[in-house]
Amino acid sequence: MSARSPHRIRLHSQWLVLFDNLLVITGFYLVFPMITVHFVENLGWSATLVSTGLALRSLTQQGLGLFGGAMADRWGSKPLIAAGLATRAASFLVLAEANNMAGLLLSCVIAGIGGALFDAPKTATIVKLTRPAERARYYALLGMLGTLCASGGAALGSWLLHWDFRWVAYAGAVSFGLASLITLRFLPAFRVGVRQDNLFHGLRTAWQDKPYARFVLATAGYWLMWLQVMSTLPMLISRISGKTHVAWLYTLEMVLTLCVQYPLARWLAGRWRCEARLITGMSLMVLGLLLVGMANDNLTLWPALTLFLLGIVLGDPALQEAGASRIDARMRGSYLGLASLGMALAGSIGYIASGWLYEHALRWGLPALGWVVIALTGFLTLLLMYQVCYPMSRATLQATASRL
């Protein structure tokens, strides 16, 4: 075996994970943006109830993601990724037959369990396979190609929805099922961390890493704003522009990603810190949501959405890079499992709160209210993120306080 074989294996595995990720994103965007459109707009269900189902999926996935990451450290990531993807595929088969709230909730719980099994191990595998100098470009490439698949998946889901929602769910199940088979057959059995005899040792170590724990908490605001792409923004676009225009949201994100994300990542490598890019991205998201709240027609809605999506395009790879640079390489799975807490907080509270605010703000004749509340929450966590990324020393804090 040649000396370069491990290098080739790492490069080949990077492309395999990339292809796997594209199938996952296609399947995800095929289904989840269409859930609110189908159950709320088509069937007339309460937006709050449907958002509760989405919140349950997010809470299950991100809450149990702690253990998925810890198990990856102990047993390796491959079996967990394959099992999780297969479980997500099964959840979509349940969703296809959901005709009441119980069926929707059951499918969301199963989808969450699947996500908990594959999410943190997949992220830990990416960190394992990439070197720090190439990580920013790899994350940007993931984002660029992922956005293409998100746009294509949403467009296909929107088209299939005209025929029958079952076909939307079946197509998502095929995408995740294929990703599971490819992972099981071709992904090498990598170790993403040092084997821990106690499953909770790595989690305790990550939790006791206070700078990292504060970073995870600060990410909750980012995810709260981001999840509007999956919950309330499709409903808003459907109300203002029409149901057929929902896929335009993901097309717009695709265009921005192709034109901005990967070229910018290549050019900014070593020039603009990932923390600065993250904070800039979150700032654009806050401003975009405030402008979305003021929109009442296409001329005001789509420029606001463009600004918001530009924040995601800039912030998403920066968030992943900033998180990866803060983990202990001996416990990648546990650290990245803990990172799911930010999404768990955002998902469990954000889906329900944003759905309730969207529904009741329209009833009260205050359509901008929900967007203002979410934007202000994002602004508060933006301040926390700034403090985490640029901590002031105690002496500086005391000097600042003495001048006030």
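Helices (H or I, at least four residues) and strands (E, at least two) are taken as DSSP runs, numbered from the N terminus. Ser-91 sits in one of these runs, helix α3. The structure is a predicted model, in which local features need pLDDT of at least 70 and side-chain atom pairs count only at pLDDT 80 or more, while totals for chains, interfaces and linings use all residues. Residues are numbered from 1 along each chain as its sequence is written, and side-chain values use heavy atoms, with hydrogens and water left out.

With a relative accessible area of 1%, Ser-91 is buried; buried means under 20% relative accessible area, exposed over 50%, and partly exposed in between (1.4 Å probe, protein chains only). Setting aside neighbours within four places in sequence, Ser-91 is in contact with Ser-107, Ile-110 and Ala-111, where contact means heavy atoms within 4.5 Å.

Two packed helices are described by the angle between their axes and the distance between the axes. Here axes are lines fitted to C-alpha atoms, for helices over the stretch in contact, and angles run from 0 to 180 degrees between N-to-C directions. The axes of α3 and α4 cross at roughly 160 degrees and come within 7 Å. These two helices, α3 and α4, are therefore roughly antiparallel to each other; angles under 35 degrees count as roughly parallel, over 145 as roughly antiparallel, 65 to 115 as roughly perpendicular and the rest as oblique. The crossing of α3 and α4 is left-handed, a term used if the near helix is turned anticlockwise from the far one by less than a right angle, with right-handed used if clockwise. By class, the α3 contact with α4 has 14 nonpolar, 8 polar and 2 charged residues. Ala, Val, Leu, Ile, Met, Phe, Trp, Tyr, Cys and Pro count as nonpolar, Asp, Glu, Lys and Arg as charged, and the others, Gly among them, as polar.

From α5 the contact draws on Arg-135, Ala-136, Tyr-139 and Ala-140, and from α12 on Pro-317, Gln-320, Glu-321 and Ala-324. This contact of α5 with α12 has 5 nonpolar, 1 polar and 2 charged residues.

Attention now turns to charged side chains. The structure holds 3 salt bridges, each a side-chain nitrogen of Lys or Arg within 4 Å of a carboxyl oxygen of Asp or Glu. In one of them, Glu-97 pairs with Arg-166, the closest N and O atoms being 3.6 Å apart. This pair links distant parts of the chain, 69 residues apart: Glu-97 lies in the loop between α3 (78-96) and α4 (101-129), and Arg-166 in helix α6 (residues 165-186). Glu-97 is partly exposed at 44% relative accessible area, and Arg-166 is partly exposed at 38%. Arg-166 also forms a salt bridge with Asp-164, with closest N and O atoms 3.5 Å apart; Asp-164 is partly exposed, at 28% relative accessibility.

Elsewhere, Glu-275 and Arg-273 meet through their side chains in a salt bridge (3.2 Å, N to O). Glu-275 is buried, with a relative accessible area of 6%, whereas Arg-273 is partly exposed at 46%.
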